[in-house]
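Subject: Structure handover

Hello,

Here is the structure I said I would pass on. My notes on it follow below.

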Amino acid sequence: MLNPMSNRWSLVIPVKTLVAAKTRLAAATGPHRTRLAVAVACDTVSAALACPLVARVIVVTADPAAAGPLSVLGADVVPDPDQGLNTALRTGAAHAVRVAPGDPVGALQADLPALRPAELATALTAAAEFDQAFVPDALDVGTTFYGVRAGLPFTPRFGGESRSRHLAGGAKELCVEGIESVRRDVDTPDDLRAAMALGLGGHTAAVVADLWPSG
Ligand SMILES: Nc1nc2c(ncn2[C@@H]2O[C@H](COP(=O)(O)OP(=O)(O)OP(=O)(O)O)[C@@H](O)[C@H]2O)c(=O)[nH]1
Ligand SMILES: C=C(OP(=O)(O)O)C(=O)O
């Protein structure tokens with residue numbers, strides 16, 4: 001049964017098969033690339049689970065090397081049908097609706113290693129005011145969060161320049177202060193430096209310390 005009063009979210013976090021992940025960081029990370037990808041996902045999932053407005057995190061992945069550590073952290077893991085990012089997100093959302101039909105459903109990128117639970121709570125509180133809403137990435141080109149009210153169609157349009165597609169799809173762009181860590185996705189070495197300036201989570205900080213011991 002729908003619970004229109006629920007303000008706790010089901011969050012779907014997609015994690016790509018590690019052998020194909022974080023390719024834009026390959027030159028900077030060498031053999032540590034997949035380790036970094038897992039660490040970044042672990043920090044994202046840990047921060048999401050620590051957010052008081054998050055009821056559950058559903059990770060969608062086909063990769064057992066990601067599924068293991070993320071389920072230990074407390075995420076539910078759903079198999080990825082391997083038909084692209086938005087299909088993975090819809091699969092996770094369908095699981096969320098089966099488990100908790102009265103809760104709003106959001107999609108959060110897995111590459112937010114500086115994510116702060118309180119900043120995620122600010123974004124989720126703002127999102128709850130709208131039927132569908134999204135948070136643009138730090139460059140105002142992509143998207144880091146997309147969410148819908150309970151019972152409404154979940155239509156993510158992630159991939160590349162997704163900010164404009166989410167706008168065109170009628171989602172409200174959330175322009176709120178104090179959500180820098182929600183917007184700070186990491187795809188390139190410059191992104192990683194920017195996330196370091198915000199403050200990395202412990203998993204990612206440990207890999208970065210091994211990569212660049214002199215800081
Ligand atoms: N489950 C799942 N997650 C995906 C898929 N494609 C992308 N993702 C996730 O979506 C987010 C954005 O992914 P991308 O930017 O396309 O890929 P990336 O691995 O982060 O980086 P690049 O290899 O440099 O493009 C990350 O959280 C990925 O783990 C997919 O097909 N399935
Ligand atoms: C998938 C996306 O981002 P990126 O490829 O930059 O991680 C997106 O912003 O929709």
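How many of the residues of strand β5 (residues 132–136) are buried? Five of its five residues are buried, so that the strand is mostly covered (buried means that 20 or more other C-beta atoms, placed from the backbone, lie within 10 Å of a residue's own). Strands here are DSSP E runs of at least two residues and helices are H or I runs of at least four, numbered from the N terminus.

This is a predicted model: local features need pLDDT of at least 70, side-chain atom pairs count only at pLDDT 80 or more, and totals for chains, interfaces and linings use all residues. Residues are numbered from 1 along each chain as its sequence is written, while chains are lettered from A and ligands numbered from 1 in the order in which they are written.

Strand β5
Q132, F134 and P136 are buried on one side of β5, and A133 and V135 on the other. β5 pairs with β6 (residues 143–148) in the antiparallel sense over five bridges; two strands pair if DSSP finds at least two bridges between them. Six residues lie between the strands of this hairpin, and D140 takes a positive phi near 60 degrees there. β5 also runs parallel to β7 (residues 172–173), joined by two bridges. F134 has a bridge partner in each neighbour: Y146 in β6 and E173 in β7.

Ligand 1
The shell around ligand 1 holds 17 residues, the closest being P14, K16, T23, R24 and A110; a residue is near if its C-beta atom, placed from the backbone, lies within 6 Å. β1 (9–15), β2 (54–61) and α4 (85–99) each give two or more residues to this shell.

Regards

Note on methods. Buried ≥ 20, exposed ≤ 12 C-beta atoms within 10 Å, placed from the backbone.
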